[in-house]
Each structure stands twice: as C-alpha cells, then as structure tokens.
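I opened my notebook to jot down what I looked up in this structure. Here is what I wrote, one entry at a time.

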Amino acid sequence: MHIDIDELSKEFGATAALHPVSLSVPSGALVALLGPSGSGKTTLLRILGGLEFPTAGRVMFDGQDATNLTVQQRRAGFVFQSYALFRHMTVFDNIAYGLKARPRASRPPRAEIARRVTNLLALIQLPDIGTRYPSQLSGGQRQRVALARALAIEPRMLLLDEPFGALDAKVRKELRQGLRDIHDTTGLTTLFVTHDQDEAMELADLVVVMSMGRIEQIGKPADIRARPATPFVREFIAA
Amino acid sequence: MSDAAPALPHPVTTERPLTRWLLIGLVIAVLGVLLFAPLITVFAEALRGGPGAAVASLGVPEARSAIRLTLMVAAISVPLNAAFGIAAAWLVAKYDFRGKTLLLTLIDIPFSVSPVVAGLCLVLTFGAHSALGGWLVAQGHPIIFAFPGIVLASMFVTFPFVARELIPVMVEQGRAEEEAALTLGASGWRVFRSVTLPNIRWALLYGVLLSNARAMGEFGAVAVVSGKIRGVTATMPITIEMLYNEYLSTAAFALAAVLALLALVTLGLKTLLELRHADALAAARRH
C-alpha cells in the first residue's frame, strides 16, 4: 500500500507539533522517520496509525482519503515504544488479541487462530514462549512479540515507534536484521521512528529527516550522506 | 594484615536486635489496645448471656430489619460507587482537560467534610421544606427520613474510595496498552473489558471492599437523614446505638458482633482471592 501525506499539520493547543508536511511513501518501502526528540516524528506516525487526528491536511492510503478513518478501520500494525504488551495475558493471547477482537463474521475459528499464532511465533523465532507472560520475557523478546502481535491482524502497513529504543546495543543490532527480514518477507509498507541515524541509514530504503515539526530532507541513505540538503541535516548525520 | 573486612556489629541495613524488638513490640501493643481488645470485647459482651440470648436478640423484628436495611444500602451504593469511581478515575487518569484539579478536589470532598454536615446538606436539599423535597414528597417519593436518603448519604461518604484507589494505578499504567488494543481493531467497550478492567481489578477490589465496609458502618450522615425510625430507617449502626442507650447491652453487642463479622468476612474474602490469584498478582506487579 502506498501512503501519501498531503500538507499535514498538527497543533497541540498553542504549540505546533507538525508544520504542514508532505510525504509520499511507495508501496513496500521501509522508511525511517529520523530526528531528535520534539521533531514531530512520533506525532506523524501516530496520525498515520489513527491515534491522533491532524489539525489540517490529508492522509491517502492507495489514493483513497484515509484522514477520517478510525484507528480500527486503518488496520495499521503498530509497535509501541515500550511495546505495550498486555501484561495480564500470555504471549499467545497477546498475539491472538487482534484476531479474537474481530466481529464474529470475520473472526477465524479457534483452531485457525492457534495456527496463525504458532506461525507468527515461528516467524519471530520464538516458537516456545506462547504460555509465558510479558514480565517473564527479555526486552528483545518483548519487542519481537509486539511485532508478531501487530502482524497478526494482517495489517496494511507497519508503524513502529522507536522499536529499538529500549534495548541494549548488542540486541539492537540483532533485531535490526530481524525487522529487515520481516519487512522483506511480508512486503509491508513500513515506517519506523528513530533518533539514531546509524539505525536509520543502515536499515531504511528511504530516510525522512525531521526537525522542529518540519521535514528537512527525504532521500536514500547514500544521497542524504552525500548531499545533506540543510545545515541541520549535515550536523545531525555527522553527530 | 588480613583481607577480611572489619567485623561490623550488625549489617548496616538492619537495626540492632533491641531496637527491632522494641519497634515490633510497640506495634503489637498498639494494635492490641486499639484493634484486638475492642474486637474481643464486642464478641465477649455479645455472648455474655450465652449464645442463645445473643441469637434470640438478633431474631427480633427490629434487629432483622436493621440487618436487611444495611445489606440493601450496601448492595445498592457499592456497585453504583464502583461504576462512578471507575468513570471518574478513567477521566482523571487517561485524559487532560480543563478543571481536572477541580474534579479531584470534588472527589475528595467527602473525605474532608464531616458526615453529619453531609447529612444536613442532604436534608436541606431534599427535605420536605425545600422546593425539590416538597415536590418529591407530594409525588409520594420522599427522600429524607426514607430509604433513598440513606442510600444517598452512604454513597456520599463512600464516593472517594474506589476513585482514589484507581487513579494512581491507572496513571502509572498510562494509555499505551489501550492504544495498542485499539490499533488491533478492538472497540472501545472491548478495550475496557479486556484490557483496562483486568489491569485495575485488584485496586478495584480494594476500593470496593473499603467502600463496602464504610457503607455498612456509616453512622453520622445516615443518622441525620434517616430520622432513626425503628424497624424502618434504622440501619445496623443506628440500631446498635439505640439499643445501647436503652441498656440492652446483649442485643446491642450481638448486633455489633454481626457488623464486625461482616467486616471480617469481607477481609477473609479478600485474602482468599489474593491467595488464589497470587501468580497473576505477582506477574502484574513485576511488569
């Protein structure tokens, strides 16, 4: 699914979190929203996921206006910064949640849900943790479970808010490859938010550099490295 | 020179044995004087004339009516307060809005206002001499000196318990899990049922138990609004006081023992639930 963002802005009271920004994401791309905290990257991601609504502007999914779709209608697989796993449910029930929440007519039978959860656990290479609770998992395992839970709803796109933020450096590197593999297997249009330029440059097909609620530059990692468009970008990627 | 560290008289994080025993002893002494001694006295006094006399005193219509009334008041006011408490806590914990501090203050009013004053306010608002109360009496639905007034007074004094238990828990948990459930396609009601409620169930249980204990035991506010009509609007605490003032100690203490027993049963239920769900409780806390 390709995503078009057209002159999107967001104000929280008197402060502008996003000045009008426009961005076109081709179908199947892996995109990094890169910027320091307060640059508006998470706000943009949350608007795409339907968790915030823009003050002005439009969001188009495959050419169709999606600006007023509810969060449930968007079918965006969302991975939260601290993963937001349901602490009172087992890993299995966490992953099955989205399938069980479907209206009766489109809800898969119990055996089919179990089969899909098992497949997802295999996909994230944690086949044996279905009966555990989130509190019994390591940070890296939690991140992968959150990813599996988001994939279970057969999302139209994948949105990840600082997916590696809560992990130590070694696990970070491993999971980067994990995300790349899952993206390549599923072919889902994927946007992830990060403040780590190494992560963005290494993982993404397309990097969107943001600062103070504005998009500073959009480009392939190599192009951004070779030709930073603004002094901010030059300084930020040099850091 | 040896490698061993110089021997400390005791580990730095614990007190000296003497201090420890002194503190523990003090706590036990205070608990004994303030809690256990009165509790034992109540039961001892109730049974002074033998168990038969105690049971017989509970069988009189006045006592039975008081027990029934108290249970009914709790059965109505506790669920309503649980619902209002959840709604208020949800609003305060999950949303930012103008007047939030004012709402928090309003929730706390029953804690800071004397129950007698609260009862008087209800009498002034709903009594036969007020416009609203006069109209209600004319319609045949009196509030004051009747059952609805007792329920209102009980709800007023127990209002903060559930909300106050829930707000810190809900603030700490944030909105992330609810948002996650929404992105997974769950409706608002399903999110509440399957994510919010399970996450707050222990705090909710504590709030409900406290609220229940207070609703059954409330004296001041109920005394003002009920008119203390024997066998009609006299709840257990009020009946106990009336019996005691009439030197009917056995009857008074028997009824007091039943009230204390109801409290002990709720405590027992709480402990039982905690034991049965110890794993889930531990998992939730470790997260």
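This is a predicted model: local features need pLDDT of at least 70, side-chain atom pairs count only at pLDDT 80 or more; totals for chains, interfaces and linings use all residues.

Angles over 145 degrees count as roughly antiparallel.

Which residues make the contact of α11(B) with α12(B)? From α11(B) I listed B:Met236, B:Thr239, B:Ile240, B:Leu243 and B:Tyr244. From α12(B) I listed B:Ser249, B:Ala251, B:Ala252, B:Leu255, B:Ala256 and B:Leu259. Sorted by class, this contact has nine nonpolar residues, two polar ones and no charged ones.

**Entry: a helix pair in chain A**

Next I looked up helix α4 (residues 110–123) of chain A and helix α5 (residues 139–152) of chain A. They pack at an angle of about 140°, with their axes 10 Å apart. That makes α4(A) oblique to α5(A). The crossing of α4(A) and α5(A) is right-handed.

On the α4(A) side, the contact is made by A:Arg116, A:Val117, A:Leu120, A:Leu121 and A:Leu123. On the α5(A) side, I found A:Ala148, A:Leu151 and A:Ala152. I sorted these residues too, and got seven nonpolar, no polar and one charged.

**Entry: where the chains touch**

How many residues does each chain give to the contact between chain A and chain B? I noted 19 residues from chain B and 21 residues from chain A. On the chain B side, α8 (176–183), α9 (188–217) and α13 (278–286) each supply at least two residues. The largest share of that side, seven residues, comes from α8(B). By class, the side of chain B that touches chain A has 11 nonpolar, four polar and four charged residues.

**Entry: a closer look at α8(B)**

Is α8(B) largely enclosed or left open? Seven of its eight residues are buried, so α8(B) is largely enclosed by the rest of the structure. I wrote out the buried ones: B:Glu177, B:Glu178, B:Glu179, B:Ala180, B:Ala181, B:Leu182 and B:Thr183.

Then I asked what the buried residues of α8(B) pack against. In chain A, the partners are α1 (41–49), α2 (71–74), β6 (76–79) and α3 (91–100). In chain B, they are α7 (147–173) and α9. Just after α8(B), I came across B:Gly185, which takes a positive phi of about 100°.

Most residues other than glycine have a negative phi. I went looking for exceptions and wrote down two.

A:Met212 has a positive phi of about 50° although it is not a glycine. A:Met212 lies in the loop between β9 (206–211) and β10 (214–219) of chain A. With 15 other C-beta atoms within 10 Å, A:Met212 is partly exposed.

B:Phe145 has a positive phi of about 60°, and it is not a glycine either. I found B:Phe145 in the loop between α6 (131–138) and α7 of chain B. B:Phe145 counts as partly exposed, with 18 C-beta neighbours inside 10 Å.

**Entry: one serine**

B:Ser112 is in helix α4 (residues 100–112) of chain B. Is B:Ser112 buried or exposed? B:Ser112 has 8 other C-beta atoms within 10 Å, so I put it down as exposed. I also noted that B:Ser112 and B:Val157 are 45 residues apart in sequence and 9.9 Å apart in space, C-alpha to C-alpha.

**Entry: chain A as a whole**

To finish, I stepped back to chain A. I noted nine helices and 10 strands in chain A. The radius of gyration of chain A is 18 Å, close to the 18 Å that the globule rule gives for 239 residues, so chain A is as compact as a globular protein of that length. Along its principal axes, the C-alpha trace of chain A spans about 55 × 40 × 30 Å. Of the 239 residues in chain A, 44% are buried. Among contacts in chain A with a separation of 6 or more, 67% come from residues 24 or more positions apart.

Terms used. Residues are numbered from 1 along each chain as its sequence is written. Chains are lettered from A and ligands numbered from 1 in the order in which they are written. Two residues are in contact if their C-beta atoms, placed from the backbone, lie within 7 Å. Helices (H or I, at least four residues) and strands (E, at least two) are DSSP runs, numbered from the N terminus. Ala, Val, Leu, Ile, Met, Phe, Trp, Tyr, Cys and Pro count as nonpolar, Asp, Glu, Lys and Arg as charged, and the others, Gly among them, as polar. A residue is buried if 20 or more other C-beta atoms lie within 10 Å of its own, exposed if 12 or fewer, and partly exposed in between; C-beta atoms are placed from the backbone. The radius of gyration is taken over C-alpha atoms; the globule rule is 2.2 Å times the number of residues to the power 0.38. Axes are lines fitted to C-alpha atoms, for helices over the stretch in contact, and angles run from 0 to 180 degrees between N-to-C directions. Angles under 35 degrees count as roughly parallel, over 145 as roughly antiparallel, 65 to 115 as roughly perpendicular and the rest as oblique. A crossing is left-handed if the near helix is turned anticlockwise from the far one by less than a right angle, and right-handed if clockwise.
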